[in-house]
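This briefing walks through one protein model, topic by topic. Keep the structure open and follow along by residue number.

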Amino acid sequence: KEYEHEPIASTAFAILHPFAGVINRYIYFYLRSPSFVRFVESTMKGVAYPAINDGDFFQGYFPLPPLPEQHRIVAKIDQLMARCDALEKLRADRDQKRLVVHAAAIRQLLDPASLPSRPQHVQPFLFSHFPELYTVKENVAELRKAILQLAVMGKLVKQDPNDPPASELLKQIEAEKKRLVIEDVYRSNEDKAENIGTPAFMLPVKWEWTTIQQLGFILGGKRLPKGHSYSETPTKYRYLTVTNMKDGTIVDNDVKYISQSTYNEIKRYIISKNDIYITIAGTIGVVGTIPEEYDGMNLTENASRFVLFKCDKRFLVFLLSSRMVQDQFAVMTNKMAQPKLSLRSILSTGIPLPPLAEQHRIVAKIDQLMALCDAMENQITCATDKQNALLEALLKGV
């Protein structure tokens, strides 16, 4: 680019002023070539701030053709790059159309109003266009969401008339909650939840519309007390943060440790292997289970603990991860500078509850379908890797 006044560059730049007989755009293309990039990578030093000094940089070999050939090379590169740009645009347009078509089909599949006509229209369309639609990972991600939504609508597995109804399960849960309140294990949360509003869709027979509040207790975590900090050396007391909560479980990603004195001050604010975590600040609405090795660890104030009773824990994780529940979390999150989902809002979240036996069948079916989604994503990755390998092999032969 031409500037009215020649700009001054910082020390992070190397400035090249071509001599007569060398085209600057030819130099530009060579500096972006794999061979020169490999030279720079082999010569640079440093980890946090990698750099190559001027002396090493200007020692790099440079293939210099005659001036007329430089012009021909630059013209050919421009021509080929224009074709690459056109191919990228065609591919992006094609992938965008796949995303739009797939999104429309999934919306119709999940629309309760379209359920009677769905078998005649949407399912055959998805089946017949499956290979074309699922060549992009974005569509597989949407398919995962659709699987969860169909599950919570009662459309993923068949209902069994011999299953005890969910209403009986709710009675058992209520009795257990009352017993624990009487024994002063937990405080009653009967006054915390608000009205669940109008049910989102018709449920199968023996299912019940309820709230999270009716299934257990929601408890918060605790920030470190004033004057306390993380331990610089590992201790037996770990402090779980939102960054540890990924992929439906706890990952050993910079787990924090605290001293015994810090633990003694916040030992009430723990999470057990029987609970479900729900993040309420930072990344809101992430849900998962607690591995046994993290049982009894302290919990950050940016997450909550869902103590549940007599339900399939993994079904509830899938349920709370579904679009229906996540949409409610999004609406109920306050819009302050630092958004947060309140514990009262979580308790008020409306959810559909199937019989316990059907919960188990739904979990098994989701596991089966998610494994197929994993396989599709692996196929997409392998296909991309093969294309890249083929292209690299072809270029090496040129």
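Glu 183 counts as partly exposed, at 45% relative accessibility. Its side chain meets that of Arg 179 in a salt bridge, 3.0 Å from N to O. The model is predicted. It holds 13 helices and twelve strands.

**Salt bridges**

- The whole structure contains 14 salt bridges.
- Arg 361 and Asp 163 form one of them through their side chains, with an N to O distance of 2.9 Å. This pair ties together distant parts of the chain, 198 residues apart. Arg 361 sits in helix H13 (residues 356-396), while Asp 163 sits in the loop between helix H7 (137-152) and helix H8 (166-182).
- Asp 163 has 8% relative accessibility and counts as buried, because the cut-off for buried is under 20%. Arg 361 has a relative accessible area of 27%, so it is partly exposed.
- Arg 179 also meets Glu 176, side chain to side chain, at 2.7 Å from N to O. Both residues belong to helix H8 and lie three residues apart, about one turn of the helix.
- Arg 179 is partly exposed, with a relative accessible area of 36%.

**Largest pocket**

- The volume of the largest pocket is about 1200 Å³.
- The lining has 27 residues, and the closest to the pocket centre are Ala 9, Phe 13, Ala 14, Ile 15 and Leu 16.
- Helix H1 (24-31) and helix H3 (54-57) each contribute at least two lining residues. H1 gives the largest share, with five residues.
- Sorted by class, the lining comprises 18 nonpolar, four polar and five charged residues.

**Burial and contacts overall**

- The protein has 398 residues, and 35% of them count as buried.
- Among contacts with a separation of 6 or more, 75% are between residues 24 or more positions apart.

**Phe 62**

- Phe 62 lies in the loop between H3 and helix H4 (67-110).
- How exposed is Phe 62? Phe 62 has 33% relative accessibility and therefore counts as partly exposed.
- Beyond four places in sequence, Phe 62 touches Tyr 26, Ile 27 and Tyr 30.
- The C-alpha atom of Phe 62 is 9.2 Å from that of Leu 31, and the two residues are 31 residues apart along the chain.

**Asn 244**

- Asn 244 is placed in the loop between strand S3 (238-240) and strand S4 (245-246).
- Is Asn 244 buried or exposed? Asn 244 is buried, because its relative accessible area is 0%.
- Which residues does Asn 244 contact, leaving aside neighbours within four places in sequence? They are Tyr 239, Thr 249, Ile 250, Val 251, Asn 253, Asp 254 and Val 255.

**Positive phi angles**

- Asp 184 is not a glycine, yet its phi is positive, at about 65°. Asp 184 is found in the loop between H8 and strand S1 (208-211). At 63% relative accessibility, Asp 184 counts as exposed.
- Asp 247 is likewise not a glycine and has a positive phi, at about 55°. Asp 247 is found in the loop between S4 and strand S5 (249-250). The relative accessible area of Asp 247 is 77%, so Asp 247 is exposed.

**Confidence**

- The average pLDDT of the protein is 86, and 87% of the residues score at least 70.
- Where is confidence lowest, and where is it highest? Helix H5 (residues 118-128) is lowest, with a mean of 51. Strand S8 (residues 276-279) is highest, at 96.
- Residues 115-120 keep a pLDDT under 50. For this stretch the model has seven contacts beyond four places in sequence.

Notes: Residues numbered from 1 in each chain as written. Predicted model: local features only at pLDDT ≥ 70, side-chain atom pairs only at ≥ 80, totals over all residues. Heavy atoms only, no water. 1 Å grid on protein atoms, 1.4 Å probe; cavity = no way out; pocket = protein on both sides within 12 Å on 5 of 7 lines; lining within 4 Å. Points joined across faces, edges and corners; volume = space filled by probe spheres on them. Helix = DSSP H or I, 4+ residues; strand = E, 2+ residues; numbered from the N terminus. Nonpolar A, V, L, I, M, F, W, Y, C, P; charged D, E, K, R; others polar. pLDDT = per-residue confidence, 0-100. Contact = heavy atoms within 4.5 Å. Salt bridge = Lys/Arg side-chain N within 4 Å of Asp/Glu carboxyl O. Buried < 20%, exposed > 50% of the residue type's maximum accessible area, 1.4 Å probe, protein only.
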